[in-house]
Amino acid sequence: MNERTLSIGSTITLPKPELDLLMTDLHQRGYKTVGPVLRDESIVYSDLDEMRELPRGILTEQSPASYRLIQTNKERYFDFIPGSQSWKQFLFPPRETLFTGMKGETWHLEENDEPALHYALIGVRACELAAIHVQDKVFMRDDFTDPKYRSIRENLFILAVNCLHPNATCFCRSMGTGPKHSSDFDLCLTELEDTFLVQIGSDLGRSLLEGKRFDLASAFAQNQANEAMDQAAASIVRTLDTSDLAGLFTTALESNRWSEVAKRCLSCANCTQVCPTCFCWDVTDQMDLLGKSTRRERIWDSCFNPNYSYVVGGNTRPNIRSRYRQWLTHKLGTWSKQFGVQGCVGCGRCISWCPAGIDLTEEVAAIRAEVKE
Amino acid sequence: MTTTILDLPSQNSVNSKKLLFPAWAEIVQIIPEAEGVSTLHLRFIEPEVRERYRFEPGQFNMIYIPGYGEAAISLSSDIETSPGVLVHTIRHVGNVTRAAARLKMGDMVGVRGPFGTAWPLKSIEGMDVVIACGGIGLPPLRGVIYQIIRNRAKFGKVTLLYGARTPSDLMYPKEYETWKSANIEMSVTVDRGDDQWTGRVGVVPMWFYHFRVDSHNTAILTCGPEIMMRFVIYEALARRISPEHIFVSLERNMKCGQGACGHCQQGPYFICKDGPIFPFSALQGIFNVEEY
């Protein structure tokens, strides 16, 4: 037991098994802990109640259209890069009921007022935290706030993790989002051989460490962590030139590259579904066969879906060229005009999970080269 | 490129704190307008909503039919003479709007709104006004016509260019006399005439070939098929009418009305909240990009 007082900004070392106690504490405080687990040869985000459910000794290897796991014997829990899923699914569920309707004399609507869960996110990477901040700007604007998003967001516990093994599809450095965390977490882990180096980011985070077997971080441990993080940052080779992207796309709306990429793009919408910032949604009515009751649902949509831009008399984006152009110019260009932040965080998911291996960093470079000519 | 867009009218909406939750309104009148087009008069059930709700011409509501979903329908009411009644002229062509065609007097629909920008009538006072619309583009301008009539002295020459496919597709024919007698010049054109048709046959923008406009003092309000608006804008610009004086109502797929669901984007804009009415000056480099 350690009685030394901790404060926000303090850094300690925590024996790895203590993470289990930390999760137990979170449960006792009413949090539902969710985090990375191994399923179907991928890392997914799911219920995570104990450390033994964490993917142990897993490394990942990614390239365009490829995500592979490598099993090692190491007692390490966060060496992988997350799979196709992001934390978006907890804050902005892929499918949720807004209200239900029952038909009597007239229709009666009932709001789905299930209380929002208090989630504790275990293992949030820097690019992913940046993505949550991007979605905050989308769902909690001055002129429109999504009440469901807000109620989940405001009750979030964030256990951040610094990335030590970035993959070939990562380009967080170009987007200024990682691989190292800077702020806005409750606790931030850097995984060392036998311990976690833990930085305290909030009062809640601090109070969770009370009664745990920790030591104030030694200079040696801190150096070790810093070295590992520097190495991680240096290992990121993929880049995206972000200078005046909005301006670039304004002049490149008729670029030949859109037709060229359209030959490879399947318009499958994978990129938008794995993207941690893509926010488009549709609403549908699920009526029973007798027409007596209906459920109004919000579901994820995608600008690659042909129905997305349907208006009476046709489709305003009738082909893959126009849909890919919309996705890329929005994500990297007009997004910042709409929300004051860049829409891409450089996590690389859209590259790894594109079945055709389309790489947006390559597309941007090609468009830049064409415009320069 | 200037990106000044119109301010949202100060408004009082149905204003549910619940996400996408509509207020109920009862159908108090149904007027068949043309083949596949009818006008519904709606009245909010809750007196409190009826009291609070205000809108300006050009704005739209999301109309909800349980089991079918929502459709964005512009308001075509005259804001002064029909307090508490929402007038929606609906073309029955989609899933929701076809269901709307089967509704009867006394049936209820859900309403969210009003959404979007309005025709900026205050800013064009003192000017000649050319209203150029086609097909279902007239209803969003009907409220403007009545506002102009009520303040007729504040505007110069007012011309309504209206095009429809056939004479039987013309909407609100009984009101034309009222409009004309309020000194609104009407130029109606159809794609195909019938036995009785003695008016023009052709397309809306052709009007510009035959009449002069005061370049520095004319405002254009246009709503209709994009191809029609494109040529109206082309003709207006060719006559040196300022892009700031050309107002365009755009249509895109809309689901939320609040710039949240993403569907109605065109360039940097969410048409549902930054539009649907834009000064053309804000659309340069956007409007003419094919399939954008």
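**Overall build of chain A**

Analyst: Of the 373 residues of chain A, 44% count as buried, a residue being buried if 20 or more other C-beta atoms, placed from the backbone, lie within 10 Å of its own, exposed if 12 or fewer do, and partly exposed in between. This is a predicted model, in which local features need pLDDT of at least 70 and side-chain atom pairs count only at pLDDT 80 or more, while totals for chains, interfaces and linings use all residues. Residues are numbered from 1 along each chain as its sequence is written, and chains are lettered from A and ligands numbered from 1 in the order in which they are written.

User: What is the radius of gyration of chain A, and what does the globule rule give for 373 residues?

Analyst: The secondary structure of chain A consists of 13 helices and 16 strands, where helices (H or I, at least four residues) and strands (E, at least two) are DSSP runs numbered from the N terminus. The radius of gyration is taken over C-alpha atoms, and the globule rule is 2.2 Å times the number of residues to the power 0.38. Chain A is as compact as a globular protein of its length, because the rule gives 21 Å and its radius of gyration is close to that, at 22 Å.

User: Which element gives the most to the side of domain 1 of chain A that touches domain 2 of chain A?

Analyst: The domain assignment, with bounds from an automatic or database source, gives domain 1 (11-92 + 114-234) and domain 2 (245-278 + 303-372) of chain A. In chain A, 25 residues of domain 1 are in contact with 23 residues of domain 2, contact meaning that the C-beta atoms of two residues, placed from the backbone, lie within 7 Å. On the domain 1 side, β5 (66-71), α3 (126-139) and α5 (172-175) of chain A each supply at least two residues. The element that gives the most, with eight residues, is α3(A).

User: In β7(A), which residue is the bridge partner of G101(A)?

Analyst: Four strands of chain A form an open antiparallel sheet in the order β7-β6-β14-β13, and two strands pair if DSSP finds at least two bridges between them. The edge strands, each pairing on one side only, are β7 (107-111) and β13 (281-287) of chain A. Strand β6 (residues 95-103) of chain A is joined to β7(A) by five bridges, the two running antiparallel. In β7(A), the bridge partner of G101(A) is L109(A).
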